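Biologist: I would like to learn how to read a model such as this one, feature by feature. Could you give me the general idea each time, and then the case at hand?

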Amino acid sequence: MVPPRPVVHAAVFALAALQALASDTFIAAVYEHAVILPRAAQETVSPEDALALMNKNMDILEGAIKEAAQQGAHIIVTPEDGIYGWVFTREAIYPYLEDIPNPEVNWIPCTDPTRFAPTPVLERLSCMARNNSIYVVANIGDKKSCNSSDPSCPSDGRYQYNTNVVFDSEGKLVARYHKYNLFMSEEQFNYPKEPEAVTFETPFGKFGIFTCFDILFWEPAVVLVSKLQVDTVLFPTAWMNVLPFLTAVEFHSAWAMGMRVNFLASNTHNTIMSMTGSGIYAPDGARAYYYNMKTEDGRLLIAELDSHPRLSPASPPAVSWSSYASSVEKCIPDEHDFSGLIFYDQFTFTELTKPEGSITVCQKDLHCHLSYKMAEKREDEVYVLGAFDGLHVVEGQYYLQICTLLKCKSTDLSTCGQPVEAAQTKFDMFSLSGTFGTNYVFPEVLYSDVQLAPGEFEVLNDGRLISKTKPTKPVVTVTLFGRWYEKDHL
């Protein structure tokens, strides 16, 4: 049946209007928040006291949201735990939780606040989005009642979830995500029964969302990017920095490059707990980032991104991560090789004893190859090439393959792998590669004082991470961080 001509015209007009709304770029914002914490997080307070604390934090977030909107931002991400803090018991966090409905209910809390159970936090976040015409991403707690007919129902009769919510520029709830990979200290929350892959469409691309520790696991991280093909990942986090590879700004920037997506990372700010490091990252490098362990300041970051980064001319090409290293002559264990720990993982190291050269170090099936030339070989600084191929088992279990050029803490080789932030050695060139068994490899270059190197290195399509500037700034580490997601399921 042929539709009437007016219907055809209406459909064409609607499609044209949608295309007109679509944009090739958008303005993103993230806010690193110095959270106002409860006086005693393990003591149960009244709902009124809980809301009073949350409103204090939301007052600050609202100021950041207004400023971001005034500067033209289309979306803003705020941190994990950014509204009520952390280190709660299960009972103590309960007054801070709200029952968050499925976004399919088509609800704007700001204009219809009584439709569901009392939800003052959702109402206020919705109004922040609506009043400023901006998408707002926040992390709060969700509660869901259950009963004895559910064999996994907790004894207190409810599920409690670490939850992200997204409101569009009209204040409508468009996404709800329950964190699936809880960090070891999150005893106040339940694991969802099934992992969630949450996406939503906007005029400026397809978005996915997950939380903090989720980034290190197949579900939801790889599912969103590799299977559902999102353009941008939203990432509320409470990230505790761990040098030399898992400092927030270096790992999140590297993850965006390795996964070839935009990544909006909003961290909490608390120097006592080593929490800092937020950024707006594109596949070709950081567009804006913030790392500050000296003061307790929050920070708003704003930057422009491509709405569809895979289609952008600036998007890096696909990489065959093991191609070059597999062509290099295989290494033979050297008497100068030695072992050392990095974040409890047993690496194999070899020292860079000369000012320039080509060296290889191996562990199991991973062969790491480095060609380099130092601008000057200093006597007071020692660098090593390291390899790790195995199962990491500390705060979770996941398989890693890592090739790294790194500065040792001192000239004593037993300090190699210990955290270090400062360096003085510059390189005229470096080229790092490895025989990776995974395609999920994240390239990191970290300069002295925890500074990134956007635009100062590149990854060739044969898997080599090479320097582009001569000389570089002082180098702390050059790393190819392979996360062997696929092996977790073997």
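Biologist: Which residues does UniProt place in the feature "domain: CN hydrolase"?

Modeller: The unreviewed UniProt entry places that feature at residues 36–307; UniProt positions are given in the numbering used here, feature names are shortened, and annotations may be inferred rather than shown by experiment. The end C-alpha atoms of the span lie 34 Å apart, and 23% of the span is helix and 26% strand, where helices (H or I, at least four residues) and strands (E, at least two) are DSSP runs numbered from the N terminus. Please keep in mind that this is a predicted model, in which local features need pLDDT of at least 70 and side-chain atom pairs count only at pLDDT 80 or more, whereas totals for chains, interfaces and linings use all residues. Residues are numbered from 1 along each chain as its sequence is written, and side-chain values use heavy atoms, with hydrogens and water left out.

Biologist: Where does UniProt place the feature "active site"?

Modeller: The unreviewed UniProt entry places it at Glu-80, Lys-179 and Cys-212. These residues span 133 residues in sequence, yet no two of their C-alpha atoms are more than 10.4 Å apart, so they gather at one spot.

Biologist: How should I read a salt bridge, and how many does the rule count?

Modeller: Side chains of opposite charge can pair when their charged atoms come close. The rule asks for a side-chain nitrogen of Lys or Arg within 4 Å of a carboxyl oxygen of Asp or Glu, and by this rule the count comes to 15 salt bridges. One of them joins the side chains of Lys-179 and Glu-80, at 3.0 Å from N to O. This pair links distant parts of the chain, 99 residues apart, with Lys-179 in the loop between β5 (173–178) and β6 (198–202) and Glu-80 in the loop between β2 and α3.

Biologist: What backbone features deserve a look?

Modeller: Most residues other than glycine have a negative phi, and most peptide bonds are trans. Val-87, in the loop between β2 and α3, has a positive phi near 60 degrees. The peptide bond joining Glu-219 and Pro-220 is cis, with omega about 10 degrees, and Pro-220 lies in helix α5. Another cis peptide bond runs from Leu-243 to Pro-244, with omega near 10 degrees; Pro-244 lies in the loop between β8 (232–237) and α6.
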